[in-house]
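Please consult the sequence and the model alongside the text.

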Amino acid sequence: GAINGKIPRVLDLTFNASDTLTASVITTTETAFAQNFSVPANFLIANKGLRITTILELVASAGPPTLTLRLKLGATAIVTIGPITPSTQAALGHGMEWMLQGTAAPGASVGVEGGTTMTNLGTALAGRNTTAQPAAVATNGTLALTFTVQYSAGTAGNSLTLRQWMVEELN
């Protein structure tokens with residue numbers, strides 16, 4: 001439906017059952033999922049909003065490592081969630097909705113605001129963004145929109161799969 005007279009437009013919609021980051025493989029290195037979106041230069045302007053919906057499959061062993069999730073524009077984290085201590089689970093689905101919004105005309109160092117809502121992966125404050133807002137980004141250039149995960153240890157039996165990725169322009 002329309003939001004303030006504007007109809008959201010899907011810019012990217014991807015399904016990938018094998019876009020998996022496994023703790024024992026990536027260990028403690030922050031690693032991006034393969035699914036991403038290229039935000040065009042000068043796209044993020046004052047009050048321009050993006051909604052990113054992710055559907056995740058989490059596998060967590062007994063005594064799992066913590067994980068930190070980040071939504072990034074280029075090399076800059078806009079939203080950081082974690083560290084999260086997941087509860088033990090076998091291949092359970094979780095949905096997250098991320099929001100980004102430009103704060104000014106495009107430029108070399110422009111504030112972008114971000115946040116998320118998410119299901120509880122095991123930590124009560126898991127949905128809190130710990131990145132200072134707004135985050136300064138060069139919105140006058142093309143930016144890779146990526147979703148990353150970082151484990152605290154390379155414990156076997158722990159993985160996160162990005163099964164669905166959707167990017168919407170809200171206005």
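Accessible areas come from the Shrake-Rupley method with a 1.4 Å probe, and for residues only the protein chains shown count as cover. On that basis, the chain has an accessible surface of about 7,500 Å², and 55% of this belongs to carbon and sulfur atoms. The model is predicted: local features need pLDDT of at least 70 and side-chain atom pairs count only at pLDDT 80 or more, while totals for chains, interfaces and linings use all residues. Residues are numbered from 1 along each chain as its sequence is written, and side-chain values use heavy atoms, with hydrogens and water left out.

**Confidence**

- The mean pLDDT of the chain (the predictor's confidence in each residue, from 0 to 100) is 88, and 91% of the residues reach 70 or more.
- Strand 10 (residues 135–137) has the highest confidence, at a mean of 97, and strand 8 (residues 89–102) the lowest, at 84.

**Overall fold**

- The chain contains one helix and 12 strands; helices (H or I, at least four residues) and strands (E, at least two) are DSSP runs, numbered from the N terminus.
- In sequence order, these elements give the pattern β-β-α-β-β-β-β-β-β-β-β-β-β.
- The radius of gyration is 16 Å, close to the 16 Å that the globule rule gives for 171 residues, so the chain is as compact as a globular protein of that length. The radius is taken over C-alpha atoms, and the rule is 2.2 Å times the number of residues to the power 0.38.
- Along the principal axes, the C-alpha atoms fill a box of roughly 45 × 35 × 30 Å.
- Of the 171 residues, 43% count as buried; buried means under 20% relative accessible area, exposed over 50%, and partly exposed in between (1.4 Å probe, protein chains only).
- Contact means heavy atoms within 4.5 Å. Among contacts between residues at least 6 apart in sequence, 79% join residues at least 24 apart.

- A pair of aromatic rings is described by the distance of the centres and the angle of the planes. Rings of Phe, Tyr and Trp (its six-membered ring) pair if their centres lie within 6.5 Å; planes under 30 degrees apart count as stacked, over 60 as edge-to-face and the rest as tilted.
- The structure holds two aromatic pairs. One of them joins phenylalanine 33 and phenylalanine 147 in a stacked arrangement, 5.1 Å centre to centre with 20 degrees between the planes.
- This pair links distant parts of the chain, 114 residues apart: phenylalanine 33 is in the loop between strand 3 (31–32) and strand 4 (37–39), and phenylalanine 147 is in strand 11.
- Phenylalanine 33 is buried at a relative accessible area of 2%, and phenylalanine 147 is buried at 0%.
- Tryptophan 98 and phenylalanine 147 form an edge-to-face pair, with 5.2 Å between centres and 65 degrees between the planes.
- Tryptophan 98 lies in strand 8 and phenylalanine 147 in strand 11, so this pair ties together parts that are 49 residues apart in sequence.
- Tryptophan 98 is buried as well, with a relative accessible area of 0%.

**Threonine 146**

- Threonine 146 is located in strand 11 (residues 143–151) and is buried, with a relative accessible area of 14%.
- Beyond its neighbours within four places in sequence, threonine 146 contacts Ala32, Asn36, Arg70, Leu71, Lys72 and Trp165.

**Charge over a ring**

- Lysine 48 places its charged end over the ring of phenylalanine 43, 5.0 Å from the ring centre. The criterion is NZ of Lys or CZ of Arg within 6 Å of the ring centre and within 35 degrees of the ring normal.

**Backbone features**

- Glycine 82 and proline 83 are joined by a cis peptide bond with omega about 15 degrees; proline 83 belongs to strand 7 (residues 76–84).
- A cis bond also runs from glutamine 133 to proline 134, with omega near -10 degrees; proline 134 is in the loop between strand 9 (110–118) and strand 10.
- Threonine 27, although not a glycine, has a positive phi of about 45 degrees. Threonine 27 occupies the loop between helix 1 (23–26) and strand 3 and is partly exposed at 34% relative accessibility.
- Asparagine 47, also not a glycine, has a positive phi of about 70 degrees and sits in the loop between strand 4 and strand 5 (49–60).
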